[in-house]
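Hi,

Here is the structure I promised to pass on. Have a look at it first, and my notes follow below.

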Amino acid sequence: MWQEFKEFAIKGNALSLAVGVIIGAAFGKIVDALVNDLIMPIVGIAGKADFSNYYLPLSSSVTATNLADARKQGGVFAYGDFITVVINFAIVAIALFLLIKGITALNRSDKEKAAAAPPPPSPEVVLLTEIRDQLAKRGA
């Protein structure tokens, strides 16, 4: 059983998945910082809005003016957080699309370069071509 586990854990797919999850978590933190610290303040200035504090109180005991305090007082429908998460998702989706598109373009150009330049003929083919040409000259 230990051997089977070792083979599974060392397989390329399991390692690739683990690395992908770790990088994805780090990328998620970067995107959160990008959205919360750079994009949302600009959107807030342009639209005179701060999405993080948009909520609807679900009980009459909620009287706070910001989301953090309102959550302490009772249930709230925090649609501003949802808007922020949707913006985060859109940014991640666009970033991944551009990344995959760039990688695909690089792979395609490498394959096109390899296909565009045919390999030189082997020495045997060169020798056979010379023999054919000599025989053609003698026969003509």
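Which residues do ring pairs link into a cluster? They are Y54, F77 and Y79. Keep in mind that this is a predicted model, so please read everything here as computed from it.

The structure has two aromatic pairs. In one of them, the ring centres of Y54 and Y79 sit 5.8 Å apart with the planes at 55°, so that pair counts as tilted. Y54 is in the loop between helix 2 (12–47) and strand 1 (56–57), while Y79 belongs to helix 4 (residues 79–116), so the pair ties together parts that are 25 residues apart in sequence. Both tyrosines are partly exposed: Y54 has a relative accessible area of 29%, and Y79 comes in at 31%. Y79 also pairs with F77, again tilted, at 6.5 Å centre to centre and 35° between the planes.

Now for the chain as a whole. You'll find five helices and two strands, in the order α-α-β-α-β-α-α from the N terminus. The radius of gyration is 31 Å, well over the 14 Å that the globule rule gives for 140 residues, so the chain is more spread out than a compact globule. Along the principal axes, the C-alpha atoms fill a box of roughly 105 × 55 × 20 Å.

Buried residues make up 12% of the 140. The chain exposes about 11,200 Å², with carbon and sulfur atoms supplying 70% of that. As for charges, there are 13 positive and 12 negative ones, and their mean positions are 5 Å apart.

Cheers

Definitions and conventions
Residues are numbered from 1 along each chain as its sequence is written. This is a predicted model: local features need pLDDT of at least 70, side-chain atom pairs count only at pLDDT 80 or more; totals for chains, interfaces and linings use all residues. Side-chain values use heavy atoms; hydrogens and water are left out. Helices (H or I, at least four residues) and strands (E, at least two) are DSSP runs, numbered from the N terminus. The radius of gyration is taken over C-alpha atoms; the globule rule is 2.2 Å times the number of residues to the power 0.38. Buried means under 20% relative accessible area, exposed over 50%, partly exposed in between (1.4 Å probe, protein chains only). Accessible areas come from the Shrake-Rupley method with a 1.4 Å probe; for residues, only the protein chains shown count as cover. Lys and Arg count as positive and Asp and Glu as negative; His and the chain ends are not counted. The place of a charge is taken as NZ of Lys, CZ of Arg, CG of Asp or CD of Glu. Rings of Phe, Tyr and Trp (its six-membered ring) pair if their centres lie within 6.5 Å; planes under 30 degrees apart count as stacked, over 60 as edge-to-face and the rest as tilted.
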